[in-house]
Amino acid sequence: INAVLDDLPEDTPLDSHISAVSMKLQILSADLNDDLERSMTDLVAALPRACNEADRGEGLSEALAKHLERIEVRLNSIEASTSDQVLVLEKLDVLKRNMETCGETLTEAANWSALVRECHASFANQQLRKVASELE
């Protein structure tokens, strides 16, 4: 206020200067009031749309949460069945290795049986040198 009064031109009376400043303040106040009223009207008009958007966002987040729960259940069931399937595969692998070992043992036993038959045949024919070479 003192700064405004200090800017008083020398040829202007104090009362008219105060009246001019008061008028400017009233005009500025009215403009500010109009801007404020317009902003409030815009805000009130936008409020229902903002509420609808908030409700829509809430609905979407709830739907997403339910969808994520369903996915989690599916993943848990897949994980459980996968664990069972892995156990079955492990058992099948053990069975396969055992069968391969049995096959190798049977092949070796067949080879020994063939050798024994050949040796018996050679003994029967009195071919001792052949028996000795077959056993080496």
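Modeller: Lys-96 and Glu-100 are 4 residues apart in helix H2, so about one helical turn separates them. Their side chains meet in a salt bridge (3.9 Å, N to O); the term requires a side-chain nitrogen of Lys or Arg within 4 Å of a carboxyl oxygen of Asp or Glu. Helices are DSSP runs (H or I, at least four residues), numbered from the N terminus. Lys-96 is partly exposed, with a relative accessible area of 49%, and Glu-100 is partly exposed at 41%. Here buried means under 20% relative accessible area, exposed over 50%, and partly exposed in between, with a 1.4 Å probe and protein chains only.

The model is predicted: local features need pLDDT of at least 70, and side-chain atom pairs count only at pLDDT 80 or more, while totals for chains, interfaces and linings use all residues. Residues are numbered from 1 along each chain as its sequence is written, and side-chain values use heavy atoms, leaving out hydrogens and water.

By the salt-bridge rule the count comes to 4. Another of these joins Asp-35 to Arg-38, whose closest N and O atoms are 3.0 Å apart. Both residues lie in helix H2, 3 residues apart, about one turn of the helix. Asp-35 is partly exposed at 39%, and Arg-38 is partly exposed at 48%.

Arg-56 and Glu-53 also meet through their side chains in a salt bridge (3.6 Å, N to O). They too lie in helix H2, 3 residues apart, about one turn of the helix. Arg-56 is exposed, with a relative accessible area of 52%, whereas Glu-53 is partly exposed at 46%.

Notes
Helix = DSSP H or I, 4+ residues; strand = E, 2+ residues; numbered from the N terminus.
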